[in-house]
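This briefing covers a sheet and a pair of packed helices. The structure comes first, then the notes.

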Amino acid sequence: MTIHSRIIGTGSYLPAKVLTNQDLERMVDTTDEWVFTRTGIRQRHVAADNENASDLALAASRRAIEAAGIRPQDIGLIVVATTTPDMVFPSTACILQAKLGIRNSPAFDMQAVCSGFVYGLAAANQFMRSGQYGYALVVGAEVYSRILDWKDRSTCVLFGDGAGAVVLKRDNAPGIMSCHLHADGSYAGMLSVPGTVRGGAVSGRPLLKMEGNTVFKFAVKVLDEVAAEALAANHLRKSDLDWLIPHQANIRIIQATARKLGLSMEKVVTTVERHANTSAASIPLALDEAVRDGRIRAGQHVLLAGVGGGFTWGSVLIKW
Ligand code: UT7
């Protein structure tokens, strides 16, 4: 019998502090009108000084575990997708494991920038299919506010902090129908934080830089491609898709993707207006919202599609 995995619980967390476009108007030379018309963003959440990625991950995980109706100790595998880890090491996944009071399960971070959750879910699904684990926790958690140049209007208006989590359960039927992952490292310089730690000091500039236009065009191209790839692999038509949950970077990227797919925006879950781009957290945050408000229902086809630095991109197709 083939082993599969399915999502049985979702959760998310947003830090309390909200930074609006009006707040940003007082920090850099920008306007609410520019940010909203170019990106669809009105506001973003920002973590408190004492909140790290693992704290956001913990709050989201507790909600996902509660929704799944299991105990933390039941979890056999933890994957945390993050580009903003608490520290160089140990991994944020290990820190989260301790905060959840779990011992002995494997725990590791997934670094694929904004595609991190899709990569993490695909990896966890592979582990689950080995039959070795009953339940897995997959989290996307980010504190991008720490790696932004708050004087650079071309990037600081785009990102926010948050976390989303899912619990996977081993099952005899999908669940997760397919995963497709891609990367092209020749684009590494287009979106990066080119700093690192060297000899006790920071070497290079540890703040986000981006060729916005190149990222924009690439994102529209590959989101459409991965959607087509997932549908073809499962012998489904575009009309079989109930929900598209794309990475939430820019409403214009999302609208262009929906247009190319011939999908009405009513079938696309969007949170970018309120959350901005939360990188690896954006898809699980949007997923949790649509599950909790009842939009996503049993039997529906849900396509997660991510794209981000690396470049990395990929999809996970789910029968809910
Ligand atoms: O998660 C994946 C990573 N990120 C993304 O997917 C983001 C992808 N890129 C984008 O979303 C868009 O390219 C941006 C929103 C970043 C930029 O939009 P754009 O329509 O490509 O604008 P642009 O970069 O061509 O800039 C247009 C103008 C420039 O002025 P000039 O040179 O035309 O005089 C910028 O200096 O807008 C200016 N500008 C701003 N003006 C007011 C850039 N940022 C701002 C700002 N406020 N915050």
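Ile-78 stands opposite Ala-107 in strand 5; helices (H or I, at least four residues) and strands (E, at least two) are DSSP runs, numbered from the N terminus. This is a predicted model, in which local features need pLDDT of at least 70, side-chain atom pairs count only at pLDDT 80 or more, and totals for chains, interfaces and linings use all residues. Residues are numbered from 1 along each chain as its sequence is written, and side-chain values use heavy atoms, with hydrogens and water left out.

**Sheet**
- Strand 4 (residues 77–81) and strand 5 run parallel and are joined by four bridges; two strands pair if DSSP finds at least two bridges between them.
- Both belong to an open sheet of five strands with the order 1-7-6-4-5 and mixed pairing.
- Strand 1 (4–13) and strand 5 (107–110) stand at the edges with a single partner strand each, so one side of each has no neighbour in the sheet.
- On average, neighbouring strands of this sheet are turned by 20 degrees against each other, direction ignored.

**Helix on the sheet**
- Helix 3 (residues 53–68) packs on the sheet and touches strand 1, strand 6 (135–143) and strand 7 (161–171); contact means heavy atoms within 4.5 Å.
- The direction of helix 3 makes about 125 degrees with that of strand 1; axes are lines fitted to C-alpha atoms, for helices over the stretch in contact, and angles run from 0 to 180 degrees between N-to-C directions.

**Helix pair**
- Helix 7 (residues 212–233) and helix 8 (residues 251–261) pack at about 40 degrees, with axes 9 Å apart.
- Residues making this contact include Phe-216 and Leu-223 of helix 7 and Ile-253 and Leu-261 of helix 8.
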